[in-house]
Amino acid sequence: MTLQRQLRGESDFEQLPEDVAVSAHIADAEERGGFTVYYAFVIEVKTKGGAKYFIYRRYSQFLTLHTKLEDRYGPEHGIAPYICTLPSLPGKIFVGNKKDIAESRISSLSAYMKALLSYPVWLLLDEDLRIFFFQTVSDSERVPRALRRLRPQTRRIKSTSVHVSDMDRPRAEALFDFKMNKTPELSLKKGDLVYLLSRVNRDWLEGTVGDRTGIFPQSFVRIIKDLEHNPASFLRCYFHDGDTCQIRQISLEEDVQKRPSYDELHDLIKNQFPGVKVALNMLDWEGELIRLQDNSDMRLLFTQGKRNPLPDNYFPWELHVTRYDDLDVYSTGA
């Protein structure tokens with residue numbers, strides 16, 4: 001497989017509009033009422049251009065989208081070359097507690113969206129797919145309640161003592177009420193002035209209101225003075241699948257100088273490609289793939305950065321991912 005053939009997918013991705021959704025996951029499931037009670041999934045969407053917003057979708061909307069895509073691109077109805085096997089959508093459940101059913105679907109629907117948004121660019125441009133991930137006026141007017149799935153599992157609360165004037169301290173204003181579910185969350189009321197202590201992850205902040213300290217979702221506040229910002233770190237990853245190559249820039253909250261173990265890196269990549277048994281690889285000096293199998297092989301990967309300098313906020317090595325049982329990628333073609 002030539003390098004030119006491997007990189008064919010990069011230009012396709014670059015031609016996508018900036019507002020196309022490239023990542024989505026479910027942050028919570030909320031009860032909604034009307035003539036009947038139902039549950040809506042709170043979905044955080046990220047676009048190619050870096051925008052991030054929330055949308056609210058019912059399971060029936062997932063099912064409608066999946067049916068349309070199957071009719072348009074499935075093996076039985078699609079027209080070449082626009083044919084693909086779509087990821088599996090969790091089936092209907094007719095009996096049971098509605099809340100329990102919604103909760104049980106969160107992880108599988110998140111995996112479904114993650115897999116769907118990793119498909120070829122022509123699928124990402126499908127009109128119904130784009131409408132599904134588009135933030136409507138109704139979506140923008142809703143206020144998410146808890147975002148439990150974005151909450152970090154554990155957090156040690158820092159000391160609230162400071163030695164700077166209030167005007168110099170990072171701070172934010174609460175835009176909505178936020179009711180804590182459990183320690184160490186921080187309840188907020190609309191209009192509260194929150195002094196920021198740290199960024200827990202990309203979605204949660206730590207701060208103080210009066211003598212109370214805790215964590216809260218960033219989406220509930222307006223930043224007045226932000227914390228010192230460290231640029232995101234990125235890992236460039238190439239996924240070789242048959243005749244195509246997808247390029248992903250994986251955002252990580254790690255210093256680019258960190259050298260992960262083989263197991264750490266493998267676990268990260270498995271989460272990026274749900275449902276796929278993956279193998280980790282590097283390109284050798286002649287442009288051929290070499291499979292990495294344990295920590296002893298990681299040194300080979302780290303030396304790659306010496307010949308392929310990347311921007312400062314990128315890990316200084318590139319990772320090539322293949323399906324575990326795809327051995328054809330190792331053919332030199334000779």
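Okay, let's start with a cysteine: cysteine 84 counts as buried because its relative accessibility is 10%, where buried means under 20% relative accessible area, exposed means over 50%, and partly exposed is in between, using a 1.4 Å probe and protein chains only. On to another one, cysteine 237: this residue is in no disulfide, and the nearest cysteine sulfur, that of cysteine 245, is 8.6 Å away. A disulfide here is a pair of cysteine sulfur atoms within 2.5 Å, and the structure holds 0 of them.

Before I go on, what are we looking at? This is a predicted model, where local features need pLDDT of at least 70 and side-chain atom pairs count only at pLDDT 80 or more, while totals for chains, interfaces and linings use all residues. Residues are numbered from 1 along each chain as its sequence is written, and side-chain values use heavy atoms, with hydrogens and water left out.

Now the overview. The protein has 9 helices and 13 strands; those are DSSP runs numbered from the N terminus, helices being H or I with at least four residues and strands being E with at least two. Of its 334 residues, 45% count as buried. Take the contacts, meaning heavy atoms within 4.5 Å, with a separation of 6 or more: residues 24 or more positions apart account for 61% of these.

Back to cysteine 237. With a relative accessible area of 1%, cysteine 237 is buried. Its bridge partner in strand E10 is arginine 248. So what about strand E9, residues 233-241? 7 of the 9 residues of E9 are buried, so the strand is largely enclosed by the rest of the structure.

Which strands does E9 pair with? Two strands pair if DSSP finds at least two bridges between them. With E10, residues 244-252, E9 pairs in the antiparallel sense over 9 bridges. Those two form a hairpin with 2 residues between them, and glycine 242 in the turn has a positive phi of about 65 degrees. With strand E13, residues 319-323, E9 pairs in the parallel sense over 4 bridges. There, tyrosine 238 has histidine 320 of E13 as its bridge partner.

Next up, helix H4, residues 98-116. Its 19 residues should span 27 Å at 1.5 Å a residue, and the end C-alpha atoms are 25 Å apart, which agrees; the expected span is 1.5 Å times one less than the number of residues. Where does H4 bend? At isoleucine 106, by about 40 degrees, the bend being the angle between axes fitted to the seven residues ending there and the seven starting there.

Last, two prolines. Proline 81 sits in the loop between H3 and H4, and the peptide bond from alanine 80 to proline 81 is cis, with omega near 5 degrees. Proline 17 is in the loop between helix H2 (8-14) and E1. Proline 17 counts as partly exposed because its relative accessibility is 31%. Leaving aside neighbours within four places in sequence, proline 17 is in contact with Lys48, Leu125 and Arg130. Proline 17 and threonine 47 are 30 residues apart in sequence, and 9.1 Å apart in space, C-alpha to C-alpha.
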